[in-house]
Amino acid sequence: MKTRKRSNAPIFWGLFGAGGMLAALFGPMLVFITGIAVPLSLLLPADTMSYPKMLAFAQNFIGKAFIFAIIALFLWHAAHRIFHSLHEIGIHAGIGSKLICYGLAFISTVISAYILLGLGF
Amino acid sequence: MSKRRPYVRSMDGWWKKNPFYVEYMVHEGTALFVAAYAFTLLVGLVRLGQGEAAWTAWLEALKSPFSLVFHAVFLVAIVYHAFTWFKLFPLTMPPIIVNGKKVGPGVVVGSGWTAAVVAALALLGLVWRIAA
């Protein structure tokens, strides 16, 4: 009997779905907090994202997991969606574009894991 | 080299001819902004790892008009991502059966949007509590 190779598509599809869900639930508020409210000192305390507070958050296990999930899954979501839309704008979805899309997500995942682990617990 | 030059119809702007395809390209295009925001956060994380001076410089950079305009654009794009993400649920998710009946598309989409609003407010409340 011939053994069939399992498709790896469900993994990338799952990462796309998880990232899309996180972006839909928390994306808008996160952008508002980090990009608008804190820089303009609206609504939230002025030192919300001060160095001691952010460091403590990134050293907390849950905080670490949250930061990692947001950065990594957002990028896997975007990589998958952009890769599958390349055909729409007349770019052949070959091995090169696959490496660029998923490769950037992969490298960013490794970098965030490396920094978060380096910050300690 | 072959002298044949077969006619290949151009794909330029095919999606502009139909509002349905325009919407499709816009909602798929939100991924570019999700990626741009994630890279912004990744830079922030790198700066956090480099120490207090680097982190404070990143925070200062977020106050520039350039950054504020970009984040306003990210906000619009990602709100639209959330809106369409749940709007497409009746097509992208398996049907949900309750008491032997399929839950209607309106209920599925409405629950998704409600969950998004609740999650956003919960996040704001949580950040406010941690920071206070």
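This is a predicted model: local features need pLDDT of at least 70, side-chain atom pairs count only at pLDDT 80 or more; totals for chains, interfaces and linings use all residues.
Taken along the principal axes, the C-alpha atoms of chain B fill a box of roughly 65 × 65 × 25 Å. Buried residues account for 23% of the 132 residues in chain B, and of the contacts in this chain between residues at least 6 apart in sequence, 44% join residues that are at least 24 apart.

Helix H1 of chain B covers residues 19-50, and its 32 residues reach 47 Å from the first C-alpha to the last, which is close to the 46 Å expected at 1.5 Å a residue. After H1(B) comes Gly51(B), whose phi is positive, near 115°.

**How the chains meet**

The contact between the chains takes 41 residues from chain A and 44 residues from chain B. On the side of chain A that touches chain B, helix H1 (9-37), helix H2 (51-59), H3 and helix H4 (95-118) each supply at least two residues, and the largest share, 13 residues, comes from H1(A). Sorted by class, this side of chain A has 28 nonpolar, 10 polar and three charged residues.

**The largest nonpolar core**

Which residues of the largest nonpolar core touch the most other members? Of its 57 residues, they are Ile71(A), Phe74(A), Leu75(A), Val34(B), Ala38(B) and Ile78(B). Each of H1, H2, H3 and H4 of chain A supplies at least two residues of this core, as does each of H1, helix H2 (52-61), helix H3 (65-87) and helix H5 (105-131) of chain B. H1(A) gives the most to this core, with 14 residues. Domain 1 (13-87) and domain 2 (92-132) of chain B both contribute residues, and the core therefore lies between them.

Ile78(B) shows how the two chains come together at the level of one residue: leaving out residues up to four places away in sequence, Ile78(B) touches Ala23(A), Gly27(A), Pro28(A) and Val31(A), and also Thr30(B), Phe33(B), Val34(B) and Tyr37(B).

His80(A) lies in helix H3 (residues 61-85) of chain A. Is His80(A) buried or exposed? His80(A) counts as buried, because it has 22 C-beta neighbours inside 10 Å. Apart from neighbours within four places in sequence, His80(A) is in contact with Phe12(A), Leu15(A) and Phe16(A). His80(A) and Leu55(A), by contrast, are 25 residues apart in sequence and 31 Å apart in space, C-alpha to C-alpha.

Most residues other than glycine have a negative phi. Leu43(A), in the loop between H1 and H2 of chain A, has a positive phi although it is not a glycine. Asn99(B) is also a residue other than glycine with a positive phi, and it is found in the loop between strand E1 (97-98) and strand E2 (101-102) of chain B.

| Residue | Phi | Other C-beta atoms within 10 Å | Exposure |
|---|---|---|---|
| Asn99(B) | Asn99(B): about 55° | Asn99(B): 5 within 10 Å | Asn99(B): exposed |

Note on methods. Residues are numbered from 1 along each chain as its sequence is written. Chains are lettered from A and ligands numbered from 1 in the order in which they are written. A residue is buried if 20 or more other C-beta atoms lie within 10 Å of its own, exposed if 12 or fewer, and partly exposed in between; C-beta atoms are placed from the backbone. Two residues are in contact if their C-beta atoms, placed from the backbone, lie within 7 Å. Helices (H or I, at least four residues) and strands (E, at least two) are DSSP runs, numbered from the N terminus. The expected span of a helix is 1.5 Å times one less than its number of residues. Ala, Val, Leu, Ile, Met, Phe, Trp, Tyr, Cys and Pro count as nonpolar, Asp, Glu, Lys and Arg as charged, and the others, Gly among them, as polar. A nonpolar core is a set of buried Ala, Val, Leu, Ile, Met, Phe, Trp, Tyr and Cys residues joined through C-beta atoms within 7 Å. Domain bounds come from an automatic or database domain assignment.
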